[in-house]
Every structure is written in C-alpha cells, then in structure tokens.
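This briefing concerns the strand pairing and one surface feature of a single protein model. Please view the sequence and the structure together while reading.

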Amino acid sequence: DVTIRGASGPLGWNASMFASWSDFADFDVIHVHGGIWRSQVFYPLFKRRYHWKTLAVHFHGSEARTGKGLHHLGHSDIQFHSTQDLGLAVPGSVWVPNPITLPELPAEVENPVPRFGHFPSSPVQKGTDRIVEAFRGAFGPPEVEVGKHVTRLRGRDAELCLVSQAPYQEAQEVMRTCDVVIDQLSPYGSYGMVAIEAMALGKPVLGTVRLEWYRDCPIVTMTEENASGQLRAI
C-alpha cells in the first residue's frame, strides 16, 4: 500500500516515481492501469533495469481510443483491455471484463413515477447530452433541479437523475432508488462499470452494446434514431 505523492505534471510524476524506485523494485509484477503516456519514462527505464520483472498495461477507455496511452508498449510483457472495443485499438491485448463485488439485492423501489438514472464518468464519451434530449422527447420539457453531484430532470411521467463526480457510496445510493439505469448512448458498442453494477442490483439497463461481441447480453439495446421511443417503451 504505497502512496505516490507530489505527482504534478510530467516532471513531478516521473520524479515521484523515481523517488519510489526501491518500493517498485520489491514487486515481481507492475500492473499499470490507463496505459502509458509518452512522458512516463519511468516505466521503460524501470523495465530496462529489471528486465525479468513483468510489466502489464491495462486499458480502460480514452487513453486507448485517443492514442495518448499507447506509448512505450514495446517494454510491456502483456496488455489487457476492459471493454471489447478497446481490443481494436490495442491488437493482441487480452480482454479482462471489469469485476465487481455482488451486493445484496435492494428492496423494490416505489417511486411516484419511473426514475431513470445515468452515471457518466465522461458525459461526452457516454452521450449524456443525447440521453437528455431523448428524455425530453419522451416525457416533455422537464423541470431541472441542480445539486452538487445529482441533477434531477422531472418530466410529465418520469424523472431522470444525472449523477456525476459523486462519491462512490452516494452514487450507489442513488442507483438503488432507480427503476431503470441508462449506461450510455455511444458508438463504442461496449458497456461500462455502471451497467455491471446496475444489473447486479436487478435493474434493467439501457445501452448501446454490439450483440455480436456480447452474446445473450441482458442490456436493452438503445439506438440514436429511436432513443425517446425506447425510453417510453421500457
């Protein structure tokens, strides 16, 4: 359990990592999450010194799609990706689906009107604006209540909770109160951690998965063309 402190900017990050060199040298495997950036020269230099140690690089999203985390991979021993679309950006990497701890099922909710929940880590990547437009199209112009982490849109016959940058426990509490969870409306064809956690709570999940990648996937498919109709239908 090692905390790397003072890691601000490329120079600060590398200085902090090199200051912890002896801590890293105690490990047999270094498992890097989020790819390796061009400026992160610690990893290739460490691997050159300890060539017998295993360097694993694990991709989770934009660092692979944009290419900013695809550097120094010649020094890695194995690469992983957490969603199927990332395998296209990192050929030869191994798909390792994100795991969660299964929770106890909550009591069934009794909301006055159906409550949709959307929990974007990146609103742009998850299509949040298009989800809000679909909600407006399905349930009319909403009343909007903006909170610190939760924005509530109340339409005629349903409400939508947008949860962003919330502490994990707060986000989980909101998710437990939802009738339906919207994972994302995106071109990636994959699902995120939100979808996994919502399904584990017994919630129906709407998303844009490619069924050829995920056979018998229980996520309800959304489409750009008919998102409003699918919100009304569910």
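The points below treat the sheet and then the surface patch.

The model is predicted, so local features need pLDDT of at least 70 and side-chain atom pairs count only at pLDDT 80 or more, while totals for chains, interfaces and linings use all residues. Residues are numbered from 1 along each chain as its sequence is written, and side-chain values use heavy atoms, with hydrogens and water left out.

**Sheet**

- An open sheet is formed by 4 strands in the order β1-β2-β3-β4, with parallel pairing; strands (E, at least two residues) and helices (H or I, at least four) are DSSP runs numbered from the N terminus, and two strands pair if DSSP finds at least two bridges between them.
- The edge strands, each pairing on one side only, are β1 (29-33) and β4.
- Strands β1 and β2 run parallel and are joined by 5 bridges; V32 stands opposite V57 in β2.
- Strand β2 (residues 54-59) pairs with strand β3 (residues 78-81) in the parallel sense over 4 bridges, and A56 stands opposite I78 in β3.
- Strand β3 is joined by 2 bridges to strand β4 (residues 94-95), and the two run parallel; H81 stands opposite W95 in β4.

**Surface patch**

- F18, V41 and L45 make a nonpolar surface patch of about 210 Å².
- Patches are made of residues with over 30% relative accessible area and no salt bridge, where like charges are joined within 9 Å and nonpolar side chains (Val, Leu, Ile, Met, Phe, Trp, Tyr) within 5 Å.
- Accessible areas come from the Shrake-Rupley method with a 1.4 Å probe, and for residues only the protein chains shown count as cover.
- A salt bridge is a side-chain nitrogen of Lys or Arg within 4 Å of a carboxyl oxygen of Asp or Glu.
- L45 lies in helix α3 (residues 42-49).
- L45 counts as partly exposed because its relative accessibility is 37%, between the limits for buried (under 20%) and exposed (over 50%).

Terms used:
Buried means under 20% relative accessible area, exposed over 50%, partly exposed in between (1.4 Å probe, protein chains only).
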